[in-house]
Amino acid sequence: LMDDNFASIVAGVKEGRSIFDSLRKSAAYTLAHLFPEIVPFLLNVAIGMPLGLPTLLVLLIDCGTELAPAISLAYELSEGDVMKQPPRNANADRLVSRQVFISSYIQIGLIEFFAGLANYYYVFGLYGIFPHCLPFTLSFFTATSDPFTCEGTVISADQQVEALGAAQSAWYVAIVLCQIFNLFASKTRRVSLFSSNPFNNEVLNASVFISLAICCFIVYTPAVQQGFQ
């Protein structure tokens with residue numbers, strides 16, 4: 001309408017499809033980290049395991065390490081086959097379709113959950129606390145707890161607090177790193193990631209650096225560690 005050129009219709013359709021794809025990529029990326037954030041609370045309530053991911057770390061993921069990467073997908077170039085796709089069915093092709101939900105929330109979410117759980121168990125193992133000792137231990141892992149015994153190893157209250165903090169940090173780091181890989185996987189929904197340069201989005205590359213910087217600041221800054229304890 002603005003330039004009286006029919007070729008602009010094609011460009012407009014392509015831009016509209018690219019915007020919808022970018023929104024779907026961002027939604028799919030964001031959905032993935034919800035499952036590994038929720039399950040630690042369910043394990044804490046159901047079988048009394050020490051909380052793998054405290055509320056503050058969940059907020060730091062949602063409002064810290066995830067913001068820049070999710071926004072960066074809006075700057076992603078359109079995929080090569082965007083104009084080869086049939087018109088979208090407005091009644092069936094939702095922003096978060098069944099395929100997107102299953103792929104992100106369940107498939108990728110499960111991978112991230114098991115990565116977080118494996119890190120959590122591994123760090124506790126370094127302190128002599130093994131997985132079968134962790135259920136129904138809500139009365140422990142505080143500064144005023146009684147000594148905790150696992151496989152003949154006695155862990156003091158201070159060691160319990162230190163072990164829990166390290167295990168929670170490991171779960172947090174696992175989600176952040178998995179989401180970085182998920183971010184690059186979310187760049188394309190149909191064609192191979194390697195069909196183009198995976199690093200062609202400078203905003204996305206910068207968002208990865210920001211996410212890692214926030215993660216390292218939270219995990220390795222002593223003052224911040226004391227705040228979470």
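## Burial and basis of the model

Of the 229 residues of the protein, 39% count as buried, where buried stands for under 20% relative accessible area, exposed for over 50% and partly exposed for what lies in between, computed with a 1.4 Å probe and protein chains only. The model is predicted, and local features need pLDDT of at least 70, side-chain atom pairs count only at pLDDT 80 or more, and totals for chains, interfaces and linings use all residues. Residues are numbered from 1 along each chain as its sequence is written, and side-chain values use heavy atoms, with hydrogens and water left out.

## Fold and overall dimensions

The protein has eight helices and two strands, taken as DSSP runs (H or I of at least four residues for helices, E of at least two for strands) and numbered from the N terminus. Along the sequence these elements follow the pattern α-α-α-α-α-β-β-α-α-α.

The C-alpha trace spans about 80 × 35 × 30 Å along the principal axes. The radius of gyration of the protein is 22 Å, whereas a compact globule of 229 residues would have one near 17 Å; the radius is taken over C-alpha atoms, and the globule rule is 2.2 Å times the number of residues to the power 0.38. Among contacts (heavy atoms within 4.5 Å) between residues at least 6 apart in sequence, 74% join residues at least 24 apart.

## Surface and charge

The accessible surface comes to about 12,800 Å², with 66% of it belonging to carbon and sulfur atoms; the areas come from the Shrake-Rupley method with a 1.4 Å probe. The protein carries 11 positive and 17 negative charges, whose mean positions are 16 Å apart, where Lys and Arg count as positive, Asp and Glu as negative, and His and the chain ends are not counted. Each charge is placed at NZ of Lys, CZ of Arg, CG of Asp or CD of Glu.

## Cysteines

With a disulfide defined as a pair of cysteine sulfur atoms within 2.5 Å, the count comes to one. This disulfide is formed by C133 and C150, with their sulfur atoms 2.0 Å apart. Because C133 lies in the loop between helix 5 (98-126) and strand 1 (148-150), and C150 in strand 1, the pair ties together parts that are 17 residues apart in sequence. The link of C133 and C150 is right-handed, with 75° about the S-S bond, and both cysteines are buried.

C63 counts as exposed because its relative accessibility is 53%, and its sulfur is too far for a bond from the closest cysteine sulfur, that of C215, at 16 Å. C178 is likewise in no disulfide, the nearest cysteine sulfur being that of C215, 12 Å away.
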